[in-house]
Every structure is written in structure tokens, then in C-alpha cells.
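Please study the sequence and the three-dimensional structure shown here before reading on. The explanation that comes after them is meant to be read alongside both.

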Amino acid sequence: MSTIAIPDTPFDITSDTPPDTASSAAVLCPQLDPGSFRVPTQQALHAVQPSTHAPRILMLYGSLRERSYSKLLTLEAARVLQGMGAEVRIFDPAGLPQPDAAPADHPRVQALRELVLWSEGMVWTSPERHGAMTGIMKSQIDWIPLSEGAVRPTQGKTLAVMQVSGGSQSFNAVNQLRVLGRWMRLLTIPNQSSVAKAYDEFTEAGRMKPSPYYDRVVDVMEELVKFTLLTRDAAPYLVDRYSERKEALARQHAQTLASM
């Protein structure tokens, strides 16, 4: 197998015994700020005292209909999660004001934000309407801040996305939810669920019928629990960023100079 030589490198980067990492970085990348640069390690991914409580999963759905298939799918997935030992809470979007139509201290907004802080993972389930997620779904996400002071409520938490459709199978809503998950700095799992012709997939009592769609929901919830268990204790380390450490050091330096 041939390799491509990296220019301006005074040692063989493909060697089985690489040189000291700090000096390597300084030589390879002189643009780096040495005070902010960190070398990722396997050891740092393991918590000293791993969490022992049940995974905490918050579920959001995007419809206010009396017989809402996104709500029924959420309830079915919640049962699966509980069967896997997770602690589950479901937010009812009824009464949540439109973003910017009420202050952030509105009781329903505060209830949503408190649940987000409590959670270690989330499930977002939206109907597909006019080829997109619903406004109800988007409003809930828009009320969740990227940051509150020094706290980032969603950063590093896991996310699973699902959708229901009235017609043939589509993936527009879950694809949009993935974009939002990335924007909110969530760790969105690879698997997802899209239930076509949802009106045929539930009994009159609201239970999901046995089907490949149901099996996929179980797959998605299983993967969510696994990823949550895998990442929840390492989340602060996983989302720790060089650029943000560099900015923090710059602010600290500026504050020091200003106080002199």
C-alpha cells in the first residue's frame, strides 16, 4: 500500500512509534495554540465513577390532535424504553406558546427546559406535514436554548428521531430533525424510524400493531439506550472543543489585563 508524504514533516508520521505528542503537534501545526491544544486519550473517555441510575430519556412529539399518531408512536416507544430500564418523561406540547410570543419564564417553557436539563437523551417524533416537520415540533425545539449562562442544555446528549406519515414512506421530517439535532449539539444516533400510513399501524386502542415498522422502533430505542449508556459520563469530554478552549483563554487573558 502506498502512502502520501506529508510536506514539512521532520519525522515519519506513519511510524509505529510516534514521537512525543506535544512536540509533534508543535512541529506539525505551528498555528496551534499550545495552551488550548489537547491530545485525545482512551483513558479520558472512562468515568472514574460511572453513573448507576437508569438512563433519563425525554420524549417530544409534534401534534396536538386528539388521536395523534406521533403521540401514539411516542407512547409505544416509551413502553419499549421502560422495558429496557430507562426512566422516561414525555412533554405534552399543549399550551406551549409560540417562540417569542411569551417570555422565557412562561410556565410551559420552564417545564420544557427543566425536562431538557434533566434528560441524558431525547426522542423527537414528528408527523410529516407538507413535506416537513410540523410547526408544533419546531416550536418546542426553538424554545430550547443553545446555552443558558455557562450551561449548554442539549450539548453531548443523545437523540433519536422518528416520524409518521399519512401516505407512503418519507424521510423529510427525520432528515430535518437530524439537522436540528446537529445544530443543538446533540449526539444523534445512526438509526431512525419512519412509519408510513400510520393510520393502518395502530389499533383502535392506540397500540402499535406487530410489523417491521414496530421492529424498527424497538431497534431505534435499543440503540438510543446503548449510546446513552456509552456516552453520558463522557459527554463533557466528547464535546470539549479546541476553539472554545482557545476563546476562553483569550477572554481570561483580556480580563486579567483589564484588572491590572
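This is a predicted model: local features need pLDDT of at least 70, side-chain atom pairs count only at pLDDT 80 or more; totals for chains, interfaces and linings use all residues.

Residues are numbered from 1 along each chain as its sequence is written, and side-chain values use heavy atoms, with hydrogens and water left out.

The structure holds 10 salt bridges; the term denotes a side-chain nitrogen of Lys or Arg within 4 Å of a carboxyl oxygen of Asp or Glu. Three residues, Glu76, Arg79 and Arg207, are linked in a network of such bridges. Within it, the side chains of Arg79 and Glu76 meet at 3.2 Å, N to O. Both belong to helix H2 (residues 69-83), where they are 3 residues apart and thus separated by about one helical turn. Helices (H or I, at least four residues) and strands (E, at least two) are DSSP runs, numbered from the N terminus. An α-helix has 3.6 residues a turn, so residues three or four places apart point the same way.

Glu76 also forms a salt bridge with Arg207, at 2.8 Å from N to O. This pair links distant parts of the chain, 131 residues apart: Arg207 is in the loop between strand E6 (193-195) and H6, whereas Glu76 is in helix H2. Glu76 is buried, because its relative accessible area is 2%; buried means under 20%, exposed over 50%, and partly exposed in between (1.4 Å probe, protein chains only). Arg79 is partly exposed at 35%, and Arg207 is partly exposed at 40%.

Helix H6 spans residues 212-231 and reaches 28 Å from its first C-alpha to its last, close to the 28 Å expected; the expected span is 1.5 Å times one less than the number of residues. Its buried residues include Val217, Val220 and Leu224. Glu222 is partly exposed, with a relative accessible area of 33%.

Finally, Gln110 is found in helix H3 (residues 107-118). Is Gln110 buried or partly exposed? Gln110 counts as partly exposed because its relative accessibility is 30%. Leaving aside neighbours within four places in sequence, Gln110 is in contact (heavy atoms within 4.5 Å) with Ala104 and Asp105.
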